Amino acid sequence: MDETKNILPYGDALRDFLADGNISKSELRGILRNRGIFTREDDKTTTIPHLVTRGITPNELMELYQNISETEEEPKALTQTIKCSVPEVDLLSILPSSDEIHELVKKPFSNYELIGIPNFVSSIEGEVELDFIIERTDHTKSWDKNTKQFSGKVRFSKIDDELDINISLSHTSPETKEVASVISKEMVNRLKLAGFVKNDEVIRKIRFNDFTNENRVKFLNKLSKEQTSNELYFKDTRDLGFCPDETQTLPDDISWMQEKITNLLLQGKNLHSTVFIRQKKYHGYIKVYRVEASYSFDYDDCSGSCQISYEFPEFISKLDNSSELSIKVLNIRFKNGSNRSLAGAVKERTLKILEKSKLKLHDTLKKGGSS
């Protein structure tokens, strides 16, 4: 536990803690029996009042606390680009210091703060990245859950010989997305002040409304299915999310969706072969916003399988047609002999593989593109 949780909880705070779903009734029963207390019923409505009345020891608290495994949200990657006006870009010369980064993200009445000493580092030539951690405070949560840490990443890299800067934002919570966006905006301002980017250039993002209905289907289908290298190999489409286009009159054979369906999420196998994807005549009448597919991966130091979600998340949750494409790597399973501590590295490598593919497809399939 961190230093903010040195005081033993009592009363309502202890009751909320013991009621956590990750603490089993058998664990509470065991604590009482070790004290020589036996109850007729073993459910929490019986055992919790006994412990709230008598209190809990530091050792008992530590044992229970370790059993609460809050899973951090999966990192989500957004990729953005901006045109450069010069062939050579010295990213190292424009990096903000740790103190400047802290000042950038500080704002009054915020429920989170940047912690540590975040600094950009150069991992490979022509690329700089910043890993950071924020701590969020939520006073509406119970004693043991009112602070939580989330990680994020910002990466700037020159794309081969092209005059583009590739801006990758990886985040695990809305707050880390906000911090990453603030830092990215500052870096773009510095690129412009240094003369590397023209003042009128804007960041290019991959948004839901960049595509026609037909090309959005094609974009998500190609991005998910055309990963067939030795490193990352497509196996199957598992999830498909779409809704009918309410601005159009649907063809007779799918007219049943017109008044009844506002959102349809299909889960199963071989979903890329369903009639909605296989039959191109329907593509103009549906808005596909999510595809999840399964893959095998084979990297130098590990191999296994995973799932990748490609989604415009705010399209459904906020009815936002300008929702930005978000990609996350899920459910990593390693083959025997692989080092399971490499899960974070696998996610990072996999997301990097997808960066060029999605930018190339976006160039081709966006409205006014070269398709």
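## The largest nonpolar core

The largest nonpolar core has 49 residues, and Phe 219, Phe 297, Ile 308, Tyr 310 and Leu 325 touch the most other members. A nonpolar core here is a set of buried Ala, Val, Leu, Ile, Met, Phe, Trp, Tyr and Cys residues joined through side-chain atoms within 4.5 Å. Buried means under 20% relative accessible area, exposed means over 50%, and partly exposed lies in between (1.4 Å probe, protein chains only). Two or more residues each come from helix H7 (213-225), strand E7 (232-244), helix H9 (275-278), strand E9 (286-299), strand E10 (302-311), strand E11 (326-334) and helix H11 (343-365). E9 gives the most, with 8 residues. Helices (H or I, at least four residues) and strands (E, at least two) are DSSP runs, numbered from the N terminus.

Phe 297 touches Glu 231, Leu 232, Cys 302, Ser 303, Gly 304, Ser 305, Cys 306, Ile 332, Arg 333, Phe 334 and Val 346. That list leaves out residues up to four places away in sequence. Contact means heavy atoms within 4.5 Å. A second, separate core has 29 residues, including Ile 165, Leu 169, Leu 191 and Phe 196. In soluble globular proteins, nonpolar side chains tend to be buried together.

## The model as a whole

This is a predicted model, in which local features need pLDDT of at least 70, side-chain atom pairs count only at pLDDT 80 or more, and totals for chains, interfaces and linings use all residues. Residues are numbered from 1 along each chain as its sequence is written, and side-chain values use heavy atoms, with hydrogens and water left out.

The protein has 11 helices and 11 strands. Of its 371 residues, 45% are buried. Take the contacts with a separation of 6 or more: residues 24 or more positions apart account for 68% of them.

## H7 against H11

Axes are lines fitted to C-alpha atoms, for helices over the stretch in contact, and angles run from 0 to 180 degrees between N-to-C directions. Angles under 35 degrees count as roughly parallel, over 145 as roughly antiparallel, 65 to 115 as roughly perpendicular and the rest as oblique. The crossing of H7 and H11 is right-handed. A crossing is right-handed if the near helix is turned clockwise from the far one by less than a right angle, and left-handed if anticlockwise.

H7 makes the contact with Asn 215, Lys 218, Phe 219, Lys 222 and Leu 223. H11 uses Leu 354, Ser 357, Lys 358, Leu 361, His 362 and Leu 365. By class, these residues are 5 nonpolar, 3 polar and 3 charged. Ala, Val, Leu, Ile, Met, Phe, Trp, Tyr, Cys and Pro count as nonpolar, Asp, Glu, Lys and Arg as charged, and the others, Gly among them, as polar.

## Ser 357

Ser 357 lies in H11. Its relative accessibility is 22%, so Ser 357 counts as partly exposed. Leaving aside residues up to four places away in sequence, Ser 357 touches Leu 223 and Gln 227. Ser 357 and Leu 223 are 134 residues apart along the chain, yet their C-alpha atoms are separated by 6.7 Å.

## H2 against H3

Helix H2 (residues 25-34) and helix H3 (residues 44-54) have axes that come within 10 Å and cross at roughly 45°. This makes H2 oblique to H3. The crossing is left-handed.

From H2, the contact takes Lys 25, Leu 28, Ile 31 and Leu 32. From H3, it takes Lys 44, Thr 47, Ile 48, His 50 and Leu 51. The classes are 5 nonpolar, 2 polar and 2 charged residues.

## Val 128

Val 128 sits in strand E3 (residues 127-137). Val 128 is buried, with a relative accessible area of 1%. Its contacts, apart from neighbours within four places in sequence, are Leu 91, Leu 92, Leu 95, Phe 120, Val 121, Ser 122, Val 154, Arg 155 and Phe 156.

## Two asparagines with positive phi

Asn 270 is not a glycine, but has a positive phi of about 50°. Asn 270 lies in the loop between strand E8 (264-267) and H9. Asn 270 is partly exposed, with a relative accessible area of 42%.

Asn 331 also has a positive phi of about 50° without being a glycine. Asn 331 lies in strand E11. Its relative accessible area is 47%, which means Asn 331 is partly exposed.
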